[in-house]
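Subject: Handing over a structure, with notes

Hello,

Please find the structure below, together with its sequence.

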Amino acid sequence: MKLGIHEDSANRQKLSELLRFHTSKSGEDQISFKDYIARMKEGQKGIYYITGESRASVAASPFLEGLKKRGYEVLYLVDPIDEYMVQQLKEYDGKKLVSCTKEGLELDDTEDEKKKKEELKARFEPLCKLIKDVLGDKVEKVVVSTRIDESPCVLVTSEHGWTANMERIMKAQALRDNSMTSYMMSKKTMEINPHNAIVGELRNKAEVD
């Protein structure tokens with residue numbers, strides 16, 4: 001069915017009704033997109049998902065910290081074919097599918113929360129610049145994160161490029177196209193957590209050179 005989503009555009013919508021997924025809230029049960037939408041938080045605009053090797057690995061991912069804290073449910077897409085499927089199935093019932101591990105993750109914040117984030121962004125801007133200078137071409141940019149709650153940092157991929165999981169799958173392909181691989185494996189963005197003690201100490205040390 002998932003291969004059908006990728007290849008059969010005429011029946012993509014019908015097939016999407018039949019898909020079932022484990023989620024951050026479903027335990028051993030699997031749910032449909034329809035179930036997910038029925039359980040969405042008020043004001044939630046997108047369907048959040050994370051791809052990875054296994055349920056255990058994605059459940060422990062730092063990318064889920066901020067979403068879990070805010071009470072959002074996240075679909076676990078842990079079959080290799082899922083990466084291909086979500087490239088074709090961009091939305092369901094008008095709700096955009098949003099990857100937790102890519103750039104552009106926007107949570108539904110209040111005006112007060114937005115203001116606090118802007119203040120943190122300004123406070124940590126010099127540290128972001130310093131880390132970028134140190135890392136050079138290893139990262140595209142360094143920014144303050146809104147998606148992590150406990151971990152010091154994460155590396156996110158471009159919104160229109162491959163996820164890190166897709167890169168792992170493609171590296172394992174015997175007949176991969178190396179030119180395509182290098183094109184899609186875009187530079188990562190490093191997101192730092194301003195609430196983490198390590199990052200706070202780095203900022204203090206950077207201020208006194």
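I would like to begin with helix α6 (residues 80–88), which lies across β2, β3 and β5 (95–99) and runs at about 115 degrees to β3. Helices (H or I, at least four residues) and strands (E, at least two) are DSSP runs, numbered from the N terminus; contact means heavy atoms within 4.5 Å, and the axes are lines fitted to C-alpha atoms, for helices over the stretch in contact, with angles from 0 to 180 degrees between N-to-C directions. Please keep in mind that this is a predicted model, in which local features need pLDDT of at least 70 and side-chain atom pairs count only at pLDDT 80 or more, while totals for chains, interfaces and linings use all residues. Residues are numbered from 1 along each chain as its sequence is written, and side-chain values use heavy atoms, with hydrogens and water left out.

The sheet comes next. Five strands form an open sheet with mixed pairing, in the order β1-β3-β2-β5-β4, where two strands pair if DSSP finds at least two bridges between them. The edge strands, each pairing on one side only, are β1 (22–23) and β4 (91–92). Strand β2 (residues 46–51) runs parallel to β3 (residues 75–77), joined to it by three bridges, and T51 stands opposite L77 in β3. On β5, β2 pairs in the parallel sense over four bridges, with G46 opposite K96. By contrast, β4 and β5 run antiparallel and are joined by two bridges, Y92 having K95 in β5 as its bridge partner. In the hairpin of these two strands, which has two residues between them, D93 takes a positive phi near 50 degrees.

Finally, the structure holds 13 salt bridges, a salt bridge being a side-chain nitrogen of Lys or Arg within 4 Å of a carboxyl oxygen of Asp or Glu. One of them joins K2 to D79, with the closest N and O atoms 2.8 Å apart. K2 lies in helix α1 (residues 2–7) and D79 in the loop between β3 and α6, so this pair ties together parts that are 77 residues apart in sequence. K2 is buried, at 17% relative accessible area, whereas D79 is partly exposed, at 36%; buried means under 20%, exposed over 50%, and partly exposed in between (1.4 Å probe, protein chains only). K2, D79 and D82 are linked in a network of salt bridges.

Best wishes
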